[in-house]
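Thank you all for coming. I would like to take a few minutes to walk through one model with you, so please have the sequence and the structure open while I talk.

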Amino acid sequence: MLVLAAVSVVLMVLVAGLALGSAVVATHQARAAADLGALAAAEALQRGVGSAAAAASGAALASRNGARSAGCVVGADESVTCRATTSPAFVLPGTPRRTTTATARAGPSP
């Protein structure tokens, strides 16, 4: 009986660890996608592309990096802010699937 309890505890810890690890990976993925999107849009602005096209290229790059782009915005100072969201691949059974959002800024210093 004690072995069964120990195995149950180990399995519960393993499942919780998988859920936590999945959430961490999703957060890193969202941050990387937002960072790359902001950098791509800022680089496009430096090349002379218009604000709308630069924002679109940043959003497209964020989407290609495994995140859902929440959009890129070009500021008046030609800085770019991009947002990206992702969801963990694994969640605990019976818990709602949440999303993680990351925001990144690239461009001239404020």
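Let me begin with confidence, which in the protein is lowest in E1, at a mean of 89, and highest in E2, at 95; the score here is pLDDT, the predictor's confidence in each residue, from 0 to 100. The average pLDDT for the protein is 90, and 100% of the residues score at least 70. This is a predicted model, in which local features need pLDDT of at least 70 and side-chain atom pairs count only at pLDDT 80 or more, while totals for chains, interfaces and linings use all residues. Residues are numbered from 1 along each chain as its sequence is written, and side-chain values use heavy atoms, with hydrogens and water left out. When I say helix or strand, I mean DSSP runs numbered from the N terminus, with H or I and at least four residues for helices, and E and at least two for strands.

Now to the disulfide, by which I mean a pair of cysteine sulfur atoms within 2.5 Å. A search of the whole structure finds one, and it joins Cys-72 to Cys-82, with an S to S distance of 2.0 Å. This pair links distant parts of the chain, since Cys-72 sits in strand E1 (residues 68-74) and Cys-82 in strand E2 (residues 80-86), ten residues apart. The torsion about the S-S bond of Cys-72 and Cys-82 is about 110°, so the disulfide is right-handed. Are these two cysteines, Cys-72 and Cys-82, buried or exposed? Both Cys-72 and Cys-82 are buried, where buried means under 20% relative accessible area, exposed over 50%, and partly exposed in between, using a 1.4 Å probe and protein chains only.

The strands themselves come next, and I call two strands paired if DSSP finds at least two bridges between them. E1 and E2 run antiparallel and are joined by six bridges, and one of the pairings sets Val-74 against Val-80 in E2. E1 and E2 form a hairpin with five residues between them. Within the loop between E1 and E2 we find Glu-78, which has a positive phi of about 65° although it is not a glycine. As background, most residues other than glycine have a negative phi. Glu-78 counts as partly exposed, at 46% relative accessibility.

Ser-79 also has its place in the loop between E1 and E2, but at 6% relative accessibility Ser-79 counts as buried. The side chains of Ser-79 and Asp-77 are joined by a polar contact of 2.7 Å; a polar contact is a pair of N or O atoms within 3.5 Å, where within protein one must be able to donate a hydrogen and the other to accept it, and residues adjacent in sequence count only if both atoms are side-chain atoms.

Thr-86, which lies in strand E2, stands opposite Thr-100 in E3. At 2% relative accessibility, Thr-86 counts as buried, and a polar atom of the side chain of Thr-86 lies 2.7 Å from the backbone oxygen of Ala-26. Not counting residues up to four places away in sequence, Thr-86 touches a list of residues including Ala-26, Gly-66, Arg-98 and Thr-100, where contact means heavy atoms within 4.5 Å. Five of the seven residues of E2 are buried, so E2 is largely enclosed by the rest of the structure.

That brings me to the nonpolar core, a set of buried Ala, Val, Leu, Ile, Met, Phe, Trp, Tyr and Cys residues joined through side-chain atoms within 4.5 Å. Of the 20 residues in the largest such core, those that touch the most other members are Ala-33, Ala-34, Ala-38, Cys-72, Val-80, Cys-82 and Ala-84. Two or more residues come from each of helix H1 (2-46), helix H2 (51-64), E2 and strand E3 (100-106), and the largest share, eight residues, comes from H1. Setting aside residues up to four places away in sequence, Ala-38 touches Val-80, Cys-82, Ala-104, Arg-105 and Ala-106.

I will end with Ala-52, which is found in helix H2 and counts as exposed, at 64% relative accessibility. Ala-52 and Val-10 are 42 residues apart in sequence and 52 Å apart in space, C-alpha to C-alpha.
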